[in-house]
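Here's a quick rundown of the charged side-chain pairs in this one. Have the model open while you read.

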Amino acid sequence: MSRLAPLFALEGRTALVTGGNSGLGLAIARALGLAGARLVLCARRVTELGHAVASLRAEDIDAFAV
């Protein structure tokens, strides 16, 4: 474990990610989720949003769509 990991741990926190269905938004969501945050994603394309949430959940990341 890196000495910096505790500084960036997000367990017990929730992050709202706009544009989280693809590209940079999804990458940021994944990074936040891997750091322990619970995710709430929102985007305009509902179908892609569902796929993004499914891919994050497949990595054991707690993610929901609104």
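Let's start with glutamate 59, which is partly exposed at 33% relative accessibility. Its salt-bridge partner is arginine 30, and arginine 30 is partly exposed too, with a relative accessible area of 24%. Keep in mind that this is a predicted model. Searching the whole structure turns up 3 salt bridges.

**Arginine 30 and glutamate 59**
- In this salt bridge, the closest N and O atoms sit 2.6 Å apart.
- Arginine 30 belongs to helix H2 (residues 23–34), while glutamate 59 is in the loop between helix H3 (46–58) and strand S3 (63–65), so the pair ties together parts that are 29 residues apart in sequence.

**Arginine 38 and aspartate 62**
- Arginine 38 makes a salt bridge with aspartate 62, and here the closest N and O atoms are 3.5 Å apart.
- Since arginine 38 is in strand S2 (residues 38–42) and aspartate 62 is in the loop between H3 and S3, this pair links parts that are 24 residues apart in sequence.
- Arginine 38 has 41% relative accessibility, so it counts as partly exposed.
- Aspartate 62 comes in at 39% relative accessibility, which is also partly exposed.

**Arginine 45 and glutamate 48**
- The side chains of arginine 45 and glutamate 48 form a salt bridge, at 3.8 Å from N to O.
- That N-to-O value still qualifies because the cut-off is within 4 Å.
- Arginine 45 is partly exposed, its relative accessible area being 44%.
- Glutamate 48 is partly exposed as well, at 34%.

Notes:
Residues numbered from 1 in each chain as written. Predicted model: local features only at pLDDT ≥ 70, side-chain atom pairs only at ≥ 80, totals over all residues. Heavy atoms only, no water. Helix = DSSP H or I, 4+ residues; strand = E, 2+ residues; numbered from the N terminus. Buried < 20%, exposed > 50% of the residue type's maximum accessible area, 1.4 Å probe, protein only.
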